Amino acid sequence: MARADKATAVAELKSEFEGSSAAVLTEYRGLTVAQLKELRVALGGNAKFAVAKNTLTKIAAVEAGVTGLDDLLVGPTAVAFVTGDVVEAAKGLRDFAKANPLLVIKGGVLEGKALDAAGITKLADLESREVLLAKLAGAMKAKQSAAAAMFAALPTNMAQLAEALRAKREAAGE
């Protein structure tokens, strides 16, 4: 690669690191071009999957302020730059790696923090953003319903107590 091409590649990688919320490093040795295309389709709009030279990726990561990737940049490396839902992208990579064992997830970085392969797998095991938001909304609604029932119970209990007192006085002849 000519020096100008390298500088351009580093600038593109740097902008990808800066514009993404996460980056997942994978080893793609043995995958065909068709399988890589299938992976890109599986990731959809959540991530951009790019094959890059390790030295250029290291330089771009340092320039972008991303640390903790040096140990992962060994052998043929491809990077999935996640711009959408990180959990969905991690699930897509995990599922593709299960179906195609030649894709190895090495690790990555999420919001500036380095993750190992197990961390990416844990991230993939999370439920999607929409499911988590729905659960949160359901929990909040349940708390509001409980509060409304409690507030409604106070006047009801007071009315029942007054009726019981009236019935007791009536029975006593007062």
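Modeller: Elements are DSSP runs numbered from the N terminus, with helices being H or I of at least four residues and strands being E of at least two. This is a predicted model, so to speak of local features we need pLDDT of at least 70, and side-chain atom pairs count only at pLDDT 80 or more, while totals for chains, interfaces and linings use all residues. Residues are numbered from 1 along each chain as its sequence is written, and side-chain values use heavy atoms, leaving out hydrogens and water.

Five strands make an open sheet in the order 2-3-1-4-5, with antiparallel pairing; two strands pair if DSSP finds at least two bridges between them. The edges are strand 2 (47-51) and strand 5 (113-116), each of which pairs on one side only. On average, neighbouring strands here are turned by 20° against each other, direction ignored. Those angles run from 0 to 180 degrees between N-to-C directions, with axes fitted as lines to C-alpha atoms, for helices over the stretch in contact.

Zoom in on one pairing: strand 1 (residues 22-27) and strand 3 (residues 78-82) run antiparallel over five bridges. There, Leu 25 sits opposite Val 79 of strand 3. Helix 4 (residues 86-99) lies across strands 1, 2, 3 and 4, at about 170° to strand 4 (104-110).

On to the charges. A salt bridge here is a side-chain nitrogen of Lys or Arg within 4 Å of a carboxyl oxygen of Asp or Glu, and that rule gives six of them. One of them links Arg 29 to Glu 27, with the closest N and O atoms 3.5 Å apart.

Helix 6 (residues 129-172) holds both Glu 163 and Arg 166, three residues apart, or about one turn. Their salt bridge has its closest N and O atoms 2.4 Å apart. Arg 166 also pairs with Glu 170, at 2.9 Å for the closest N and O atoms. Why can these two reach each other? Being four residues apart in helix 6, they are separated by about one helical turn.

As for accessibility, buried means under 20% relative accessible area, exposed over 50%, and partly exposed in between (1.4 Å probe, protein chains only). Glu 163 is partly exposed at 41%, Arg 166 is partly exposed at 42%, and Glu 170 is exposed at 57%.

Conventions. Contact = heavy atoms within 4.5 Å.
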